[in-house]
Structures are given as C-alpha cells and as structure tokens.
Amino acid sequence: MSSLPLHTSPAEPTAAPQLSGWPLLRLGFRPFYVGAAAFALLSIPLWVAVYLGQWNLAMALPPLLWHAHEMLFGFAVAVILGFLLTAVKAWTGLATPRGAALGALALLWLAARVAAVTGPYTLYAALDLALLPLVAAMLTRLLLRARNRRNLPLAAMLMLLALANGVFHLGLIGVLDVSPLAPLYAALALIVMIECVIAGRVIPAFSMSATPGLKLKVRAPVERAALALTALALLLWVFAPAEAGWNMLGGFTLVLAALAQVGRLLQWQPAITRHRPILWILHLSYAWIPVGLALLAAARFGVLSMSAGVHALAIGATGGLIIGMMTRTARGHTGRALQVSRAEIAAYVLVMLAAALRVLLPLAMPLWLPLALVLSATGWAAAFAIYLFIYTPWLLKTRFDGKDG
C-alpha cells in the first residue's frame, strides 16, 4: 500500500521506558528539521512580498542577497546539520550533541536568522559565521575517534561551506574584492555535491530495502564519473571567468556532467519506485540535478539566464531531496512506518510544482515572472506547512516505540 490516511497510526506503546530530557533535544534532526521547515514556510512568502514591493523590511543586508544566502545557509544548512548530527551517531556509535548542547546549536542557528531581519549587520555576521565551523569540528572529532575516514569528506564540505560563508560576508562589507554572489554560487555547488554523495548511498539502498527481490547493479565507474564530472563542472561554473573560451569549456563540461548524472540515476531504476511516494520523491528530486546542470550549460552558452539553472538546483533538487529526506528520516528515527500519508504525498507534489513553476514558467512566459513567484511560493509554503502540521507533534514527543533518540 503506497499511502495511509493522515491520522492513521498504530496503537500507542504501553510500556515505554522513562527517558530524561526534552524529546526535541534528544537527537539533531529534531530541532533542526522543525526550524528548517518553519523557516521555509515563512521566508519564501516574505521574500516574494519584499521583491514585489508589498512589504518594506529593514534587513541587515540587501533583500536579494538575504534571500539567496538564507535559503542556503539558513534553510538547507539546517537540514544538512540535522541529518549529519543524527547520521554520525549511527555511523560511529558515539554520542552527538544532545540536551543543552544541541539546544545551544539550534538557538545559535535561530539567532542568526532573526538577526538577519533585525540587525545590526555585525551581530548577524558573527552569529551566522559561528555555527558551521563549530559543528564541523564536533563531527570531525567523532569521525576521527571512530576511525570513520569514509565520512570525513562530508565534514570537510561543512568547512568549505563555512569558508564560502566567510567570503560572502567579507565580500559584502568590502574587505575582499569579490562579488557576494560568487560564494553563494560556491555554497550551492557544495550543497549539490553533498546531495550527490548522500543520495548515492541512500537512494539505491532505500529502493532495494523497500522492493523485495530488487538487486540494483550500481556500477562504480558510472558513479565515480558522475561525481567527478559534476564537481569539475560546478568548479568551472563558480570560478571560471566569463570569457568566450571559458564559457564554451564550462558549458560543455556541464553538459557532460548532466549526461553522467542521467546515467547514474538510470542505474537506480527510478521507474520501480512509482508506487512508493517516499521513494519516488527522492528519484524525481535527484532528476532536477541533471536538469539544473543542463540549464547552467545553456546559461554559459548565452542562451538562458543563470536563474533557471540556479533555481532548478535550489528548489527542484535541494528542496525536493530535503522534503523527501525530512519525511523518511523523521519517520524512521521516531519509530514510525516508512509509508507516507496522502497529505505528505501532497507536500511532495507541491514542492515539485513549486520548482516547475519557478523554473519553467518564466522561461516560457518571461512577463509572467511575478505570477510564477507567487504560485511557486504558495506551493512551497503549503508543502512545509503540511510537514510542520504532521511532524511537529512527533518531533516534540518521545519516539513512538519508546526508544531513545
């Protein structure tokens, strides 16, 4: 059965052990998933209202840069941190921050989001720059203690994200002679690479575990080629100068990366998951990565604006993978069945529609950009409102099976 009614759940456990501490602060995904979903719900409608001149808000930085920065370092980073603070515990068997320590990390993230719209800028920058290096150091220490070198690149990517964030702030105040958009593009590229690494581990595994008898033949050369070409293409996109020769090289590399990502996705047999929404949302969202790479190639060739490719990666791939992973991992880590309700399926569809409207409608009808923004923001906000409605009560309570976590 592919879906369940919204309020369907098994009987409550009768003899759960007594656990200490507020359930919200028992594992990293809990506060960061709630915070990220609430931020997604509020920030995009706010941005559209500001962009369309319906709301004047004194921000610590220009509105366009606030929107781009906060969707990366506010929304996406919160989910990445919540996921990694949870996953590293499973990977190493060592405790990640919980209780007061986890609460302090979550409050640091929240304080930076509030300071961005209340100022002053120096306070916002200080709060914003503190979180990523702190968590990266914590996770690196645990991975080294457990001799889990396989996952050290993920901690390194957090440090690179912290570096990009530092360059952004230094560029914004004029200390570095760099456009603030460049480190934001670099951050998006890093987030896409994190998605590529994690998706390669979980999507085939999730598909095989949910499909009896399925044995995917994931060829290592295809995996390595897709990752290497994508990393190279994104490096050229971010750092190559906007000159004819570099544009051609960057564009062709992006095309090759897009084709390699299509080949990688086809290895995972996405059609098999069409009756399992909790799986097809991951496959469909991942498909936005080759779409985004191809659109960036078109921008390098001077055919399209950069916005289409950026939003394909940011909304379609990142937003879709986030809503898919936030439902799947939260269900698993609260002891619930890995079958989503009709409301959760609606949230998946709304995020995919938000991506399609934001990316494709302005390409077909450029004058309809304001309508595309409003419709896309409405779908996006509704999707995360659904998530909050269903999952907040679960994340505020002890696991359904009474276990710790």
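Analyst: Six helices each bring at least two residues to the lining of the largest pocket: α1 (29–51), α2 (63–92), α6 (181–210), α10 (306–333), α11 (342–364) and α12 (369–395). Please keep in mind that this is a predicted model. The largest share of that lining comes from α10, with 8 residues. The space in the largest pocket is about 830 Å³. Its lining has 34 residues, and the closest to the centre are His67, Ser307, Val310, His311 and Arg358. Sorted by class, the lining of this pocket has 27 nonpolar, 6 polar and 1 charged residues.

Now for the cavities. A search of the whole structure turns up 2 cavities of 30 Å³ or more. About 240 Å³ of space lies in the largest cavity. Around it are 17 lining residues, and nearest its centre you will find Glu195, Ile198, Leu321, Ile322 and Met325. Two or more residues of this lining come from each of α2, α6 and α10. Here α6 gives the most, with 7 residues. The classes for the largest cavity are 15 nonpolar, 1 polar and 1 charged.

The second largest cavity holds about 70 Å³. Among the residues that line it are Phe73, Val77, Trp109, Arg113, Asp128 and Asn165. The helices that give two or more residues to this lining are α2, α3 (99–118) and α4 (121–145). By class, its lining divides into 8 nonpolar, 1 polar and 2 charged residues.

One name in that lining, Asn165, takes us to another helix: Asn165 is among the buried residues of α5. How long should α5 be? At 1.5 Å a residue, the 21 residues of α5 (residues 152–172) should span 30 Å, and the end C-alpha atoms are 30 Å apart, so the two values agree. Other buried residues of α5 include Leu154, Met157, Leu158, Leu161, Phe168 and His169. The buried residues of this helix pack against α2, α4 and α6. Just after α5 comes Gly174, which takes a positive phi of about 90 degrees.

Ser285 sits in helix α9 (residues 277–300). Is Ser285 buried or exposed? Its relative accessibility is 0%, so Ser285 counts as buried. Apart from neighbours within four places in sequence, Ser285 is in contact with Gly316, Ala317, Gly320, Leu321 and Met352. You have met Leu321 already, among the residues nearest the centre of the largest cavity. Ser285 and Thr318 are 33 residues apart along the chain, and their C-alpha atoms are separated by 7.5 Å.

Conventions. Residues are numbered from 1 along each chain as its sequence is written. This is a predicted model: local features need pLDDT of at least 70, side-chain atom pairs count only at pLDDT 80 or more; totals for chains, interfaces and linings use all residues. Side-chain values use heavy atoms; hydrogens and water are left out. On a 1 Å grid over the protein atoms alone, a cavity is a set of points where a 1.4 Å probe fits but cannot get out, and a pocket is an open set with protein on both sides within 12 Å along at least five of seven lines; lining residues have an atom within 4 Å of a point. Grid points are joined across faces, edges and corners, and a volume is the space filled by probe spheres set on the points. Helices (H or I, at least four residues) and strands (E, at least two) are DSSP runs, numbered from the N terminus. Ala, Val, Leu, Ile, Met, Phe, Trp, Tyr, Cys and Pro count as nonpolar, Asp, Glu, Lys and Arg as charged, and the others, Gly among them, as polar. The expected span of a helix is 1.5 Å times one less than its number of residues. Buried means under 20% relative accessible area, exposed over 50%, partly exposed in between (1.4 Å probe, protein chains only). Contact means heavy atoms within 4.5 Å.
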